[in-house]
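Trainee: I have a model open in my viewer and would like to learn how to read its features one by one. Could you take me through it, giving the general idea each time and then the case in hand?

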Amino acid sequence: MQNQAKRPFVRPLAAMLALTLAGGLFSASAVSAGAPPAAPAAPHSAIAPVAAPAMPKAAPVAPAAAPAPAAGPVAVPAGDPNEAIRKAIAERIAGKGEVVLKSTGVAPASQTKKRAAPKKHTVHWSYEGEGGPHNWGKLSKQYLACSNGKNQSPIAVEADSMLNLDLPAIDFDYRDSRFSIVDNGHTVEVKYLEGGAMTILGQRYELVQFHFHRPAEEVVNGKRYDMVAHLVHKNSKGQLAVVAVLLTLGEENRFIQTLWNHMPIEKKKPIEPPTAKVDLAKFLPANKAYFHYMGSLTTPPCTEGVAWYILQSPVEVSAGQVEVFSKMYANNARPTQRMNGRLVKASRAPADGVASKPAPAMTSMPRIPRAGGQ
Ligand SMILES: [Zn+2]
């Protein structure tokens, strides 16, 4: 966020090109949606992003989180973000390969790491240092939306952009399921082996995977929760809907504990427990009121067009359970992004779960005078 605020305005032409380029990326990502589970995957990258203009002229690109393609790297001076973007676009059009940052000896203030010789190397995205969120848009032409996008996630949900409304309930169709769990290098990601889905306004979205961030990426009314789970869904058109379940310190969470009991200690090696099952339905809070806005993936390639549903009620997780995750990922939260005039719809009353909410105690009700003698 702070970096974005300082970023020089990018020229409209470059922005247009970026959009077109992103279109090319989308179609390539869609192709990668069926990739084998062993393929390195970013938190959201196993999913085909959203309806976007295809760009048949563009050469196919590798899945966003895959290692650098075989094509020769193109050196881009690290100093000037606009220069990097212009060069990346030019190289993209020329059909060349991965864009890498090259040390020029005139490193910007944000680059604190010292490197001995001006040799080329690919920088992989991460949450700190040279590959950190403020640089994601420069790391690869495929990541341009991370810096140029106008509808990025996560956001700080605040009252001044909120529309308080009666919103339709989300119908969650989750059941007991075996799972696979992997440390994908950026988060702990879980796949539901028996599937699940959510339906809203008649649109059914299948559960693709869910994963965790610490701390929570979303900020709600100024509060940042300890962790968040992102439940990533996709409909038949390839459009994404992500449900965010905020986690706050409290009682131990059985759902989380079952997952953690099978925590992988090696990266990119999925574990598939033979008998253990979890039930997302039991993980969700009873009150399913939510905030809804349009945003993006919160990891490169930061693809936009993602429908976000942040459940307003957090669920509890113990300090020990947060500690387990933080030994793997102490900070894997992207900073909040500019709203750029976006609005957030908020359920003004519980969207469902109303029936399970206990009625107010009689003692708090106004006393109704009885008719005499009855
Ligand atoms: Zn996420």
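Trainee: Let me start with Cys302: does Cys302 count as buried or exposed?

Mentor: The general idea is to count the C-beta atoms around a residue, and 20 or more others within 10 Å make it buried. Please keep in mind throughout that this is a predicted model. Cys302 has 31 C-beta neighbours inside 10 Å and therefore counts as buried. Cys302 lies in the loop between strand 15 (290-296) and strand 16 (304-311), and its phi is near 60°, a positive value in a residue other than glycine.

Trainee: Which other residue has a positive phi although it is not a glycine, and how many C-beta neighbours does Leu201 have inside 10 Å?

Mentor: Leu201 has a positive phi of about 50° although it is not a glycine. For the neighbour count, a residue is exposed if 12 or fewer other C-beta atoms lie within 10 Å of its own; Leu201 has 8 and so counts as exposed. Leu201 is found in the loop between strand 9 (197-200) and strand 10, and these two strands form a hairpin with two residues between them, Leu201 being in the turn.

Trainee: How many bridges join strand 9 to strand 10?

Mentor: To read a pairing, look at the bridges, the direction and then a specific residue pair. Four bridges join strand 9 to strand 10, and the two run antiparallel; as a specific pair, Ala197 has Glu206 in strand 10 as its bridge partner.

Trainee: Where else does a hairpin turn hold a positive phi, and which residue takes it?

Mentor: The hairpin of strand 7 and strand 8 has four residues between the strands, and there Gly185 takes a positive phi near 95°. Strand 7 (residues 179-183) and strand 8 run antiparallel and are joined by five bridges, with Val182 standing opposite Glu189 in strand 8.

Trainee: How should I read the two faces of a strand, and which residues of strand 8 lie on each side?

Mentor: In a regular strand the side chains alternate between the two faces of the sheet. In strand 8, Val188, Val190 and Tyr192 are on one side, Glu189 and Lys191 are on the other, and all of these are buried, so that both faces are covered. Because five of the five residues of strand 8 (residues 188-192) are buried, this strand is largely enclosed by the rest of the structure.

Trainee: Which strand does strand 8 pair with over two bridges?

Mentor: Strand 8 is joined by two bridges to strand 10 (residues 203-213), and the two run antiparallel. The bridge partner of Val190 in strand 10 is Phe210, while Glu189 stands opposite His211 in strand 10. Strand 10 is itself mostly covered, as eight of its 11 residues are buried. Strand 10 also pairs in the antiparallel sense with strand 13 (residues 227-234), over seven bridges, and there His211 has His230 as its bridge partner.

Trainee: What should I look at for a cis peptide bond, and which residues does one with omega of about -5° join?

Mentor: The angle to look at is omega. A cis peptide bond with omega of about -5° joins Arg214 and Pro215, and Pro215 is placed in the loop between strand 10 and strand 11. The peptide bond from Ser153 to Pro154 is also cis, with omega near 0°, and Pro154 is in the loop between helix 5 (144-148) and strand 4.

Trainee: What order do the strands take in the open sheet of three strands, and which of them stand at its edges?

Mentor: The order is 4-11-12, with mixed pairing. Strand 4 (156-157) and strand 12 (223-224) stand at the edges, each with a single partner strand, so one side of each is left without a neighbour in the sheet. Strand 11 (residues 219-220) and strand 12 run antiparallel and are joined by two bridges, where Val219 has Arg224 as its bridge partner.

Technical notes
Residues are numbered from 1 along each chain as its sequence is written. This is a predicted model: local features need pLDDT of at least 70, side-chain atom pairs count only at pLDDT 80 or more; totals for chains, interfaces and linings use all residues. Two strands pair if DSSP finds at least two bridges between them.
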